[in-house]
Amino acid sequence: KDTRVLPAEWQAMLVRGAQRLGLKKWPRTRLSPHVQTPALIGLIKPVILIPLSMLSGISPAQAEMLILHELYHFRQKDHYLAFLQEITEILFFFHPMVWVIGKYLRNEREKSVDAWVVNHSGQALLYARALLELAEKKQAVYPARVAASHSKSNLFTRIKLIMTMKTNPIHPGKKMAAFLVLLASLLSIAWIGPSATLNH
């Protein structure tokens with residue numbers, strides 16, 4: 001809703017990024033006033049949404065790295081894994097370990113993508129500054145939400161890792177294996193049943 005076409009310069013960044021990743025097809029990418037951070041959304045026809053606010057205050061080099069970040073999520077099929085994870089969290093909402101493991105998997109996905117971007121750009125400081133700029137813009141729009149969440153501590157941890165990164169990105173097969181282990185564990189929990197678990 002209310003999305004806009006990317007400027008020509010940003011379209012060129014998108015094409016360069018896709019070629020760099022060896023992608024023959026990539027998601028439609030649009031500017032949106034309704035998001036504060038870039039996001040890959042959708043399942044059948046995924047779309048990359050770029051915050052309209054990124055047109056100001058972010059350098060072209062930083063914007064290109066953030067676009068690369070979302071394109072790498074797409075290449076790694078992270079939108080499929082995220083969908084499966086969300087379904088699992090809905091089905092097994094009653095178990096606290098679902099949320100603990102879910103948070104871990106999300107952090108690992110971001111760590112893997114950050115590692116790739118830093119490895120292929122060689123600009124860890126510039127990339128960290130881009131993430132910080134986005135966080136500041138988000139806080140300006142949603143100060144209460146940001147203050148009440150763990151996003152600040154997560155951002156601090158993420159930037160610290162970027163600046164000290166000796167990268168070892170997670171292979172997609174390992175991510176899928178981790179998810180299957182999680183799913184198998186949750187199915188065994190469901191077999192016992194939430195009431196039996198609570199009584200125990």
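The legends below accompany close-up views of a predicted model, taking its helix pair and then its sheet.

**View 1. Helices α1 and α2 pack against each other at an angle of about 50 degrees.** Helix α1 covers residues 8-20 and helix α2 covers residues 60-75, and their axes lie 9 Å apart. Because angles under 35 degrees count as roughly parallel and those from 65 to 115 as roughly perpendicular, the angle found here makes α1 oblique to α2. The crossing in which α1 passes α2 is right-handed.

**View 2. Residues of α1 meet residues of α2.** On the α1 side the contact includes Trp 10, Met 13, Leu 14 and Gly 17, while on the α2 side Pro 60, Ala 63, Ile 67 and Leu 71 are among the residues that take part. The residues of this contact divide into nine nonpolar, one polar and four charged.

**View 3. Four strands form an open sheet in the order β1-β2-β4-β3, with mixed pairing.** The edge strands are β1 and β3, the latter spanning residues 39-41, and each of them pairs on one side only. Helix α2 packs on this sheet, where α2 touches β3 and β4, and the direction of α2 makes about 30 degrees with that of β3.

**View 4. Strand β2 pairs with β1 in the antiparallel sense and with β4 in the parallel sense.** Two bridges join β1, residues 4-5, to β2, residues 28-32, and in β2 the bridge partner of Val 5 is Arg 30. Five bridges join β2 to β4, residues 47-51; here Arg 28 stands opposite Val 47 of β4, and Arg 30 stands opposite Leu 49 of β4.

Notes:
Residues are numbered from 1 along each chain as its sequence is written. This is a predicted model: local features need pLDDT of at least 70, side-chain atom pairs count only at pLDDT 80 or more; totals for chains, interfaces and linings use all residues. Side-chain values use heavy atoms; hydrogens and water are left out. Axes are lines fitted to C-alpha atoms, for helices over the stretch in contact, and angles run from 0 to 180 degrees between N-to-C directions. Angles under 35 degrees count as roughly parallel, over 145 as roughly antiparallel, 65 to 115 as roughly perpendicular and the rest as oblique. A crossing is left-handed if the near helix is turned anticlockwise from the far one by less than a right angle, and right-handed if clockwise. Contact means heavy atoms within 4.5 Å. Ala, Val, Leu, Ile, Met, Phe, Trp, Tyr, Cys and Pro count as nonpolar, Asp, Glu, Lys and Arg as charged, and the others, Gly among them, as polar. Two strands pair if DSSP finds at least two bridges between them.
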